[in-house]
Amino acid sequence: MASHYEAPIRKPLVLGDKGYHDVSVDIAAPVEGRANKQWWIVFTIALAAFLWGVGCIIYTISTGIGTWGLNRTVNWAWDITNFVWWVGIGHAGTLISAVLLLFRQKWRMAINRSAEAMTIFSVIQAGLFPIIHMGRPWLAYWVVPIPNQFGSLWVNFNSPLLWDVFAISTYLSVSLVFWWTGLLPDFAMIRDRAVKPFQKKIYSLVSFGWSGRAKDWQRFEEVSLVLAGLATPLVLSVHTIVSFDFATSVIPGWHTTIFPPYFVAGAIFSGFAMVQTLLIIMRKVCNLEAYITVQHIELMNIVIMITGSIVGCAYITELFIAWYSGVEYEQYAFLNRATGPYWWAYTLMMTCNVVSPQVMWFKKIRTSILVSFIISIVVNIGMWFERFVIIVTSLHRDYLPSSWTMFSPTFVDIGIFIGTIGFFFVLFLLYARTFPVIAQAEVKSILKSSGERYKKLRDAGKPLYEIRVAGTPKAAAQTPPASAGSHDPAKVGSLLGAVGSFDPATQTADDLKKVKGIGPQMEEKLNQLGIFTFAQVSRMTETEYDLLDSLTGSFPGRAQRDDWAGQAKRLNEKQ
């Protein structure tokens with residue numbers, strides 16, 4: 001018990017009187033239940049946006065990238081802006097999963113799964129833009145150093161664009177393995193709860209034969225630590241290498257050594273903001289308020305506030321170095337950003353990225369769900385404009401005023417970007433319906449130290465295995481959760497109407513505990529409802545199972561999974 005003890009001042013990370021079974025039921029509910037109306041509305045909108053983007057991509061490939069707003073001066077614009085933005089969003093998943101795991105931060109356990117999924121889906125979106133930008137995406141394999149039909153055609157290893165290929169593909173591979181490894185215990189949980197044979201078979205395959213033995217857990221923890229160790233350098237390297245796309249050039253505004261740490265901080269900043277946006281939505285849609293708490297949101301806001309301050313320092317440093325260098329071209333590049341034709345984008349960037357996170361210094365604001373949701377969206381808008389300002393304002397005014405050109409996106413540019421946002425949300429919504437969105441095994445591991453129920457027991461001086469909630473009268477604790485008189489008479493009547501009534505004068509009660517899944521407490525509840533015989537249980541169908549779950553409130557789906565009706569029928573025939 002001492003090994004689980006935490007100071008009382010620490011707030012619980014799992015709210016409510018949650019036990020181990022409650023965690024499984026709550027986390028499996030979005031996967032096992034039916035999608036609600038809100039899910040279908042959002043999914044339809046996301047799918048429409050995705051299909052629009054597909055249409056724009058097909059039009060671009062069939063016509064050429066002249067359909068974009070690019071010109072001879074601004075040859076990198078909307079596409080590379082979106083590429084860097086999506087890669088940045090993918091940063092937070094690996095940071096939450098790997099770095100916070102190595103630092104033993106328990107608050108990551110309720111949010112790491114969604115963050116990891118977000119990483120995978122955002123890197124997929126990022127990879128689309130350079131491939132389309134090539135103009136001939138069917139020749140994308142030319143950037144990979146493999147033998148080809150042209151013999152002497154080899155990629156330029158000095159180019160940071162090639163480093164991007166290696167960095168992002170490695171990042172995606174390690175993140176995917178890390179994500180899937182963490183999912184194995186959850187897949188096994190869904191497999192064991194599955195009612196339909198097809199569903200059970202699918203989750204059996206994807207869980208890779210997980211049995212929950214001590215050896216499985218030992219290997220799981222070892223592999224998780226190794227993958228976390230591999231993934232941690234990637235958090236720094238991936239966006240550092242993306243920054244080299246700019247920093248190794250000689251273009252004023254790009255050729256600066258501050259870009260690597262500046263880009264990494266900005267990526268974590270935007271990534272945490274997107275995780276915040278998704279988690280606030282997920283906790284409401286999937287009824288996970290007990291697991292994704294206000295404390296999680298507050299801690300995320302603190303990270304956003306800190307990284308936003310770092311980004312603000314980077315902006316000021318850039319301006320100072322441009323002035324201190326005495327190079328008039330550098331000075332003009334930054335002056336043009338702030339006062340030139342794109343001044344509005346620069347002002348929006350500074351407002352969203354530097355000013356808005358500072359409101360998080362106030363506890364009342366950073367613990368507000370609505371304000372946190374708004375700020376998370378504002379931050380990602382600002383971070384998109386940061387990439388736009390860096391790329392476009394450094395290119396649209398060259399050394400020769402005769403080549404100065406303004407960039408304006410076309411409907412194809414905008415359509416492809418909206419399409420990737422739609423694709424991202426389509427993938428995330430499907431993930432939320434088929435994958436457990438919270439790592440239930442990890443949440444269970446902190447339940448005794450960070451669960452509200454166990455903190456109440458500990459504060460009351462009760463042993464942690466005590467069933468009764470601290471502060472509840474003993475008599476109330478011994479009362480069954482639902483006594484006979486508290487049931488809905490209509491539901492009880494419907495249930496007994498289907499399975500039949502028991503007449504104690506002419507019938508003998510059976511030992512229902514012989515049915516696998518029915519223990520002494522469940523037998524008592526069935527008796528309270530008027531169910532005493534195998535014959536009654538054998539008449540249950542899916543409708544009666546649902547009625548039974550709603551009346552007893554214990555182990556939902558257990559009767560159907562264990563096939564109580566089939567077992568009772570066989571026991572009844574043996575008598």
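At 39% relative accessibility, K513 counts as partly exposed. Please select this residue to begin; the model in the viewer is a predicted one.

K513 lies in the loop between helix 20 (489-499) and helix 21 (520-529), and it is paired with E523 of helix 21, 10 residues apart, in a link between distant parts of the chain. The pair is a salt bridge whose closest N and O atoms are 3.1 Å apart. E523 has a relative accessibility of 13% and therefore counts as buried, since buried means under 20%.

The side chain of D511 meets that of K513 in a salt bridge, at 3.1 Å from N to O. D511 counts as partly exposed, with 34% relative accessibility.

Then move to R113 and D186. These two residues form a salt bridge, with 3.0 Å between the closest N and O atoms. R113 belongs to helix 5 (residues 112-133) and D186 to helix 6, so that the pair links distant parts of the chain, 73 residues apart. R113 is buried, with a relative accessible area of 2%, and D186 is buried as well, at 1%.

How many salt bridges does the count come to? The count comes to nine.

Remain on helix 6, which spans residues 160-193, and select V165 within it. V165 is partly exposed, its relative accessible area being 31%.

Note on methods:
Residues numbered from 1 in each chain as written. Predicted model: local features only at pLDDT ≥ 70, side-chain atom pairs only at ≥ 80, totals over all residues. Heavy atoms only, no water. Helix = DSSP H or I, 4+ residues; strand = E, 2+ residues; numbered from the N terminus. Buried < 20%, exposed > 50% of the residue type's maximum accessible area, 1.4 Å probe, protein only. Salt bridge = Lys/Arg side-chain N within 4 Å of Asp/Glu carboxyl O.
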